[in-house]
Amino acid sequence: MSELSDDEADWALAVHGDGEAFGRVFDRHRDRVRRHSLRLVPDVGDAEDVVAVTFLEAWRKRDAVRFVNGSMLPWLLVTATNAARNLSRAHRRHRILLDRLPAPVPHPDHAEAFDDGPATAALLRLPAADQQVIALCVLHGYSEADAAAALGVAPGTVKSRLSRAKSRLARRLGENDGASTRTIRGETSHEY
């Protein structure tokens with residue numbers, strides 16, 4: 001009685017649930033199957049898919065795997081060839097289907113018709129420190145104390161920066177559209 005090859009012994013263990021034995025078979029043959037697959041498909045990603053399908057099929061048909069001189073590699077290469085053919089056929093069918101579809105009609109992007117408005121334009125022209133304090137306190141509603149903690153400054157600094165930033169923003173907005181600006185209870189509003 002002949003001694004079992006590494007493939008035959010590992011495969012017999014794998015069929016009986018030994019995951020490490022399956023891993024040894026995979027590690028032993030994956031590179032050869034991958035190189036073979038790279039010759040059959042145009043893309044590295046597709047070759048990886050072929051390798052995965054090949055070993056999935058080996059597991060799925062584990063009772064039908066044939067060994068040649070104790071090696072499972074020939075069976076894996078034939079299976080990889082069939083998997084590559086199936087993948088190529090699927091790609092070809094997909095391209096044919098896409099070619100049958102009507103050409104897409106280009107639609108203009110409606111967002112391009114609108115800008116961010118004068119307030120955003122004015123805000124973006126302010127210094128970074130002003131943008132930060134307005135973003136935190138006005139746009140996101142954080143308290144001056146929370147904004148101070150986020151910026152790493154004293155709360156009084158945030159209060160004075162915020163006051164100056166609002167004034168600068170109001171002036172910039174006034175420059176944009178000539179709108180009259182008035183202050184109500186410390187808040188700047190615009191009349192159009």
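This short talk describes a predicted model of a single protein chain, element by element.

Good morning. Residues are numbered from 1 along each chain as its sequence is written, and side-chain values use heavy atoms, with hydrogens and water left out. Because the model is predicted, local features need a pLDDT of at least 70 and side-chain atom pairs count only at pLDDT 80 or more, while totals for chains, interfaces and linings use all residues.

Let me begin with the overall layout. The chain has eight helices and two strands. Here, helices (H or I, at least four residues) and strands (E, at least two) are DSSP runs, numbered from the N terminus. Read from the N terminus on, the order of elements is α-α-α-α-α-α-α-α-β-β.

How much of the chain counts as buried? Of its 192 residues, 25% do. The term buried means under 20% relative accessible area, exposed means over 50%, and partly exposed lies in between, with a 1.4 Å probe and protein chains only. The areas themselves come from the Shrake-Rupley method with a 1.4 Å probe, and for residues only the protein chains shown count as cover.

I turn now to the interior. A nonpolar core is a set of buried Ala, Val, Leu, Ile, Met, Phe, Trp, Tyr and Cys residues joined through side-chain atoms within 4.5 Å. The largest such core has 19 residues, and those that touch the most other members are Trp 11, Val 33, Val 50, Ala 58, Met 72 and Leu 76. At least two residues of this core come from each of helix H1 (6-15), helix H2 (19-40), helix H3 (44-60) and H4. Which helix supplies the largest share? That is H4, with six residues.

Next come the charged pairs. A salt bridge is a side-chain nitrogen of Lys or Arg within 4 Å of a carboxyl oxygen of Asp or Glu. The whole structure holds nine salt bridges.

One of them joins Asp 10 to Arg 24, with the closest N and O atoms 3.0 Å apart. This pair links distant parts of the chain, since Asp 10 is in helix H1 and Arg 24 in helix H2, 14 residues apart. Asp 10 counts as buried at 7% relative accessibility, whereas Arg 24 is partly exposed at 35%. Both belong to a network of salt bridges that also includes Asp 7 and Arg 28.

A second pair is Asp 130 and Arg 168, whose closest N and O atoms are 2.6 Å apart. Asp 130 lies in helix H6 (residues 128-139) and Arg 168 in helix H8 (residues 155-177), so that 38 residues separate these distant parts of the chain. Asp 130 is buried, with a relative accessible area of 4%, and Arg 168 is partly exposed, at 30%.

Arg 60 is exposed at 54% relative accessibility, while Glu 57 is buried at 17%.

Finally, the surface. Arg 85, Arg 89, Arg 92, Arg 93 and Arg 95 form a positive surface patch. Patches are made of residues with over 30% relative accessible area and no salt bridge; like charges are joined within 9 Å, and nonpolar side chains (Val, Leu, Ile, Met, Phe, Trp, Tyr) within 5 Å. Lys and Arg count as positive and Asp and Glu as negative, while His and the chain ends are not counted. Arg 93 lies in helix H4 (residues 73-100) and is exposed, with a relative accessible area of 56%.

Definitions and conventions
The place of a charge is taken as NZ of Lys, CZ of Arg, CG of Asp or CD of Glu.
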